[in-house]
Amino acid sequence: MNFRGFLRNDNRAGIRNHLLIFPTCMSASSTAKLIAGQLPGAVSFDNQVENQLSKEDVEQVERTLLGFATHPNVGAIVMVGFGKETISADSLAEQVRMSGKPVASLNMMECGGIKSVVAKGVQIGKQFEEELSLIQRVDIHVNELAIGIECGGSDTTSGLAANPAAGFASDLLIEDGGTTFLSETPELIGAEHVLANNAVNEEIGRQIIATVNKYEENLKKSGMDFRGAQPSPGNIQGGLSTIEEKSLGAIYKSGTAPIKGVLQYGERFKVKGHYLMNSPGYDIESITGMIAGGAQIIIFTTGRGTPVGSPIAPVVKVCGNPKMADIMKDNIDINAGKIITGEKSIEGVGRELYDYILKVASGEKTKAEIFGFQEFAINRVIS
Amino acid sequence: MALKGYIRENGQVGIRNKLLILPSVLCSSSTSAQIADALPNVVSIANQAGCAQVGDDLTQTERTLMGFGLNPNVGGVLIVGLGCEGVNPLGLANKVAESKKLVDYLVIQQVGGTTNTIEKGIEEANKMVNAIDEPKRNVDLSDICLGIVIDNSIEESKLIVLSKVIEVLSDSIGVVIIPKRHQSYFSDAKELVYGKTVTEKGIYYTASELGNVALMTGMVASGAQTIIHFTEDGDPAGSSISPVIKCSVNEDIFEIFWEHIDLDISAPLAQNNESLISSQLLSVVTNTINGIDTKSEMLELNDFAIHRILPTF
Amino acid sequence: MPNSKYNALIMHLNDNVATAVDDLAAGADAKVKIENKNQTIELINDIRFGHKFALSDINKGEEIKKYGESIGVAITDIKQGEHVHVHNIDSIRGKGAVTKNEF
């Protein structure tokens, strides 16, 4: 089976053809925003990473930024740097060039001030937009698709409806030879033994358990309790009582395909298949990590509904709560609440979701894209 | 020169009269920005936190968001929440309302989706903008809380002069907050918890070893109505509610970045002329208080970042 | 869902709690569905959509089972038909000191 996508020079498949205005650090963020504001077709993000980074943090931040910069959904990049940051615009641009993408690197200190950077950025951006408009979609096999699966704003219906439907769709893509990521390590606490049993071999099973244990240890080291953060106040209001209950519902989005490996936050997968990415429970940070890891599209399951999107990848909202699917219909792409009301089976919604994903891959816009939501946050290493 | 500002119900003095659309979590930040963008003099902040946080890190985020609502430059606050986040939008609204300023809140999951929330938000914000409109009255420098940001790269010899400048400013300005890194220059400086509201006059130091924006954000949360940023590198960081006065200590940087730098003090600094620098700065501060836009305000450079002390879980 | 044959779900045969899929009132009978069987439980409390109630009496210290797995432990004795939530069960995992909110 095929979808209509953009085949890049490095042979990766894109499902969008974005011009990305890319701030390398906090000091370049406002300027990048001013450039993007003058280019209605461009996307950008708010980079709140300070100019100077600690040794522990820099690796993860750089991996994430690079994952965005080389992402196949991005057709061209205007890189905006300040001039004194740890991860420089020039070094990032160099690696983008190797991926064969058109890229310009503007350094504020060299260009002489905000207004000249904005003028140059807009001028180059317009040229890039013209170049991008000439690139046509072509038939690409669905096995080139990578889906990141996220859940957020969960309630009990997440585990009963939205997550099982997402798991079903994940299984369909794996059967077709594609790639999917399960994420959110803290939301595996109490369910890791179930997941480990579903690993491709014992070693990966041990890695899954070790990843979850390390997360729990870090939490204990902070001296703090999960209760209050996980389950979140909204989760509790929705009927979820404990992290174990949330986790056992959350892993349904993994489907039944065996887990091939554990990826670090923002790490790119090398071989197609089903993975666990070690990411936080905070939705946007987790989504950002999976996109950096190569996901071109995100399935976002929810019970209570949420509007968020991402600058470079479509986010598909699947709501398991029939009441919230109606109240938040503006923001929900797939109503999995029909499983709760008995109108549809898990398989029925799973197939509907998979069909919808193929349409989105070929260009149909999700609700978050229509509203222009472009949330971004990197999971930071703070010690 | 007479100083004019907005005297709030609780006696605090604002030098701007902004309506702040305050997102309790990242998930409602874009919605808040879209509401703010629709109306003049309405601002928002790009909150990237607000959920899946624990311990002191959560309370620090809550304190900072609350501090932005309480900042005297803000005449009214419309809090926009998602409805399932760790920072409770209603709790935030109640805390800010203790200052007696105009506060309201919207929760996306209760209002029902983006279109309804933005529509209701704009309608509400429009009413609030009119309600907070008030005349300026006479105020005094002693009513001002000034945040001082100093680039890490500034060398010792310049710092010695700058610290004398700050001493002079603190003679007339009520509260001065400096970065913790420079506390040794000020024997009487008291410690200020990041983002905590200052209630008594004096010199305070707050957490440093952070990026400039996180430091500025903490100072604004503590009540700074304006910030002086002594810059060696020309970092353009600005704030949406408190005007940032950019003051270059490096002539070359001023030449590159004059568009966003208000003042170059490199020459008097080289001559150790602290009295000239102080009087120049006091004159810029006076103009800023009286409503003249700083360059970062003109360019609408609005940055925001909360100093995080634990990772997100 | 007034016409549904059921208004609560069990995820696994070993579970000792069920999840309401409608707002249910105290004193009413919950119609619980698992696979093709229905069971009726008289409710002690109001159970809102998405919330859980006990299928049988659960003793303090006993594990709460959903999806056939432990989701925590009872911190009080719980009666059949009683609301099961944060007030009477607790996590076994992810615990340290309790985080206090600023407000």
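This is a predicted model: local features need pLDDT of at least 70, side-chain atom pairs count only at pLDDT 80 or more; totals for chains, interfaces and linings use all residues.
Local features need pLDDT of at least 70, side-chain atom pairs count only at pLDDT 80 or more, totals for chains, interfaces and linings use all residues, and side-chain values use heavy atoms, with hydrogens and water left out.

Let's begin with chain A. It holds 15 helices and 14 strands; these are DSSP runs numbered from the N terminus, with helices being H or I of at least four residues and strands being E of at least two. The C-alpha trace spans about 60 × 50 × 40 Å along its principal axes.

How does the radius of gyration of chain A agree with that of a compact globule? For 383 residues the globule value would be near 21 Å, and chain A has 20 Å, so the two agree. That radius is taken over C-alpha atoms, and the globule rule is 2.2 Å times the number of residues to the power 0.38.

Of the 383 residues in chain A, 66% are buried. Buried means under 20% relative accessible area, exposed means over 50%, and partly exposed lies in between, with a 1.4 Å probe and protein chains only. Now for contacts, meaning heavy atoms within 4.5 Å: among those in chain A between residues at least 6 apart in sequence, 73% join residues at least 24 apart.

On to chain B, which is divided into domain 1 (18–133) and domain 2 (141–298), with bounds from an automatic or database domain assignment. Taken over C-alpha atoms, the centres of these two domains of chain B are 27 Å apart. Where they meet, 15 residues of domain 1 of chain B are in contact with 15 residues of domain 2 of chain B.

B:N41 sits in the loop between helix 1 (29–37) and strand 4 (42–44) of chain B, and its phi is near 65°, a positive value in a residue other than glycine. B:A52 is not a glycine either, yet has a positive phi of about 55°; look for it in the loop between strand 4 and helix 2 (55–70) of chain B.

Notes
Residues are numbered from 1 along each chain as its sequence is written. Chains are lettered from A and ligands numbered from 1 in the order in which they are written.
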